[in-house]
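Got your viewer open and your selection tool ready? Let's walk through a few stops together, picking side chains as we go.

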Amino acid sequence: MSATRISRVLVLAAAASLALGACAARDSGGSGSDGNTSAAAPSLAANAANPAGDGKAVCSGVAIAYIGTINGNSAAFGQNSLRGIDLAVKQHNQANPNCQVTLKKFDSEGKPEKAPGVVNQAIAEPDIIGVVGLPFSGESKAVGNLFNQAGLVSVTPIATNPGLTKNGWKTFFRAVGNDSVQGPAAVKLMTETLKANKICVVEDDSEYGIGLASQVKQALGSKASCSDKVKTGQTDFSAVVNKMSSENPDAIFYAGYYPEAAPFAQQLNDKGVTAKFVAPDGVKDPEFLKGAGAGANNAYFTCPCVPEDNFKDFTAAFKQVEGADPGTYSPESYDVATILLKGIDSGVKDRAGLLNFVKNYDGQGLTKHYKWDATGELTETPVWSYRVQNGKIVNNGQLS
């Protein structure tokens, strides 16, 4: 796409977004399928923040960074996030010629062992005054103290392990609900919507999978009839599949990511296991559908992410500028980047100022209202359910 065309798209997208924001309100009607009568996907709130701002911002020599997986394991989530951030920065810069914010990108490959080196590289660049990332709980745990020591604010749009906000870090903020919210919501989906009485919980060995499985089993109580474990990178699930087959549960909850969930679901289907396959946000991606084949047809998901069904202008701009459909956590990443950009537009020039701006932020975004408590947790934490229908992941209603 030419620079001229990109400029035209950004201007039109920003104008359309502002116009819709002036007249639209959140949709609270409708119902999900399979008996879920929660709210339909929200529309753009009238007071949603727009990265374009008023076009009068003045700044120089400032940057924000995305740090997280770009080419590593579960890279689709990193790409979703990066594209959302990139769109926000491009819309901001197009609308504000006197405030050109640079977006810098650092690839952690989603690995806790690589993340500290990458984060130190970003910390060493003084023009970086805010960070969106890291996406995953394990790598976030490995670098939280580095950000804290540097006074560099980091907002994760994805990582959900509850323990991340219990380390005393003053620079860590989470843009979604954690697994202590998602776990009970998943149980609600399985027991109330899907009417499952016998449920098996399978977890991977990641910080995310272990923590989420614990929350789900705790919320299930006696309905957690069996459990098992798998490993990151595992491809042969025959032992676990055989156990699931003999247990004959109504539902199987998989706590982990899509690279392992896909072949696991496929092998369950090949074995003739008919239990509903329920998985969290770490699995909710088209890559799961590709890898699971027919095993995806029985799949449901929970996610502290808001469906973008009614964010028409955001979706149109995303497709035109980024050349892809928005995915899981693209809208949340767009919101987080917008908050950092609003801080810069307000006159913030350094890390301390942007940290203070985020800490005290209180405003509506595309996906939800953003306000954090003293630990870095949001005060508003919606969780939604999704299902596979006609080969696509579709909204199945709000759970909490």
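Start by selecting Lys-141, which is partly exposed, with a relative accessible area of 46% (buried means under 20%, exposed over 50% and partly exposed in between, using a 1.4 Å probe and protein chains only). A word on the ground rules: this is a predicted model, in which local features need pLDDT of at least 70 and side-chain atom pairs count only at pLDDT 80 or more, while totals for chains, interfaces and linings use all residues. Residues are numbered from 1 along each chain as its sequence is written, and side-chain values use heavy atoms, with hydrogens and water left out.

Glu-207 and Lys-141 form a salt bridge, with their closest N and O atoms 3.2 Å apart (a side-chain nitrogen of Lys or Arg within 4 Å of a carboxyl oxygen of Asp or Glu). The pair links distant parts of the chain, 66 residues apart: Glu-207 sits in helix 6 (residues 207-220) and Lys-141 in helix 4 (residues 137-150). Helices (H or I, at least four residues) and strands (E, at least two) are DSSP runs numbered from the N terminus.

How many salt bridges does the structure hold? There are twelve. For another, select Lys-104 and Asp-127, whose closest N and O atoms are 2.9 Å apart. Lys-104 belongs to strand 2 (residues 102-107) and Asp-127 to the loop between helix 3 (115-123) and strand 3 (128-133), so this contact ties together parts 23 residues apart in sequence.

Next, go to helix 9 (residues 286-292), where Lys-290 and Glu-287 are three residues apart, about one helical turn. Their side chains meet in a salt bridge at 3.1 Å, N to O. Lys-290 is exposed at 64%, whereas Glu-287 is partly exposed at 33%.

Last stop: the inside. On a 1 Å grid over the protein atoms alone, a cavity is a set of points where a 1.4 Å probe fits but cannot get out, and lining residues have an atom within 4 Å of a point. The largest cavity has a volume of about 70 Å³, the space filled by probe spheres set on the points, which are joined across faces, edges and corners. Select some of its lining, including Phe-77, Ile-158, Tyr-257 and Asp-281. Then try the second largest cavity, with about 30 Å³ of space, where helix 4 gives the most to the lining, with three residues.

Definitions and conventions. 1 Å grid on protein atoms, 1.4 Å probe; cavity = no way out; pocket = protein on both sides within 12 Å on 5 of 7 lines; lining within 4 Å.
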